[in-house]
Amino acid sequence: MESAKSRIVTKASSAPPLTNPGELIDSVETFIFDCDGVIWKGDKLIDGVPETLDLLREKGKRLVFVTNNSTKSRKQYGKKFETLGLSVSEEEIFASSFAAAAYLKSIDFPKDKKVYVVGEDGILKELELAGIQYLGGPADGDKKIELKPGYMMEQDKDVGAVVVGFDRYFNYHKIQYATLCIRENPGCLFIATNRDAVTHLTDAQEWAGGGSMVGAILGSTKREPLVVGKPSTFMMDYLANEFKIQKSQICMVGDRLDTDILFGQNGGCKTLLVLSGVTTLSMLQDPKNSIQPDFYANKISDFLSIKATAV
């Protein structure tokens with residue numbers, strides 16, 4: 001009897017499908033979109049995206065694009081949008097690479113300190129724009145360690161933060177160098193751009209995400225990182241402040257429950273899950289899943305149904 005009762009409760013609390021997109025559009029001023037799995041998969045645009053963005057802009061909505069992928073800077077993401085035929089300005093893009101640099105600026109990271117980067121070019125470019133010294137990154141991608149008797153790696157004592165993001169050139173040298181900085185440099189910060197388990201490097205399958213690199217450093221340091229990307233509230237607070245928007249006037253649209261939807265909920269926004277990326281309907285409705293969006297839709301082009309009904 002007990003299990004039947006709990007099944008009924010779960011079903012009742014499961015998110016409803018988006019049946020009235022016009023109502024949702026009218027209820028908010030700003031839409032924040034995740035990119036991978038919502039706008040594109042790998043380098044392939046998801047069907048109906050250009051028309052949907054045009055519709056929302058026509059209705060006077062502010063559009064913001066937030067991605068946990070730190071491999072590109074805002075400028076580089078601007079180029080990707082352009083390549084896909086989408087008109088999006090740099091100011092509308094917030095990548096976790098930018099969030100890492102913005103966080104360090106917000107805490108007045110000392111000018112004489114450096115950042116050791118486990119990650120790719122996007123983080124380096126954003127740190128450079130913020131006027132923050134750095135080392136590591138892709139330059140350490142081909143460094144190998146010869147474990148000879150008596151060999152000891154030495155780290156730069158001026159490293160005051162280690163920033164870890166997705167890194168296709170991750171290696172043992174980077175793990176050891178980051179570990180030494182975090183464990184031995186007094187007050188050294190451990191910052192993660194995100195902890196995503198998987199990412200869409202191609203549209204053919206899921207690939208191990210930035211969380212795997214963060215997990216390696218966490219494993220060796222036994223230190224929890226400060227996460228600046230989704231679902232951390234840092235980016236949401238920064239966005240709300242930057243654009244002077246009330247969080248209740250925002251709808252977060254994403255394909256992941258544990259990052260996108262949680263990000264929106266942590267920030268007090270409305271949330272819409274799309275099933276065009278990581279999360280399937282069965283995952284959403286699984287009794288073990290405790291994260292429920294306000295609504296779910298197949299993809300963002302479901303918004304276009306309001307045009308069809310208007311005609």
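Predicted model: local features only at pLDDT ≥ 70, side-chain atom pairs only at ≥ 80, totals over all residues.
View 1. Six strands pair in parallel, in the order 5-4-1-13-14-15. Strand 5 (93–95) and strand 15 (295–297) sit at the edges with a single partner strand each, so one side of each has no neighbour in the sheet. From one strand to the next, the twist averages 20 degrees.

**View 2. Strands 1 and 4 with the helices that lie across the sheet.** Strand 1 (residues 30–33) and strand 4 (residues 62–67) run parallel and are joined by four bridges. Look for phenylalanine 33, which stands opposite phenylalanine 65 in strand 4. Helix 3 (residues 49–58) lies across strand 1 and strand 4, at about 135 degrees to strand 4. Helix 5 (residues 96–106) lies across strand 4 and strand 5, and runs at about 80 degrees to strand 5.

**View 3. Three aspartates annotated as a binding site.** An unreviewed UniProt entry places the feature "binding site" at Asp34, Asp36 and Asp255. Although these residues are spread over 222 residues of sequence, they cluster in space, with a largest C-alpha distance of 8.1 Å. Of these residues, Asp34 and Asp36 are included in the lining of the largest cavity.

View 4. Beyond its sequence neighbours within four places, aspartate 34 has contacts including Val66, Met252 and Asp255. Leaving out residues up to four places away in sequence, aspartate 36 touches Thr67, Asn69, Thr199, His200 and Asp255.

How values were computed:
Residues numbered from 1 in each chain as written. Heavy atoms only, no water. Pairing = 2+ DSSP bridges. Helix = DSSP H or I, 4+ residues; strand = E, 2+ residues; numbered from the N terminus. Axes fitted to C-alpha atoms, helices over the stretch in contact; angles between N-to-C directions. Contact = heavy atoms within 4.5 Å. UniProt positions renumbered as here; feature names shortened; annotations may be inferred. 1 Å grid on protein atoms, 1.4 Å probe; cavity = no way out; pocket = protein on both sides within 12 Å on 5 of 7 lines; lining within 4 Å.
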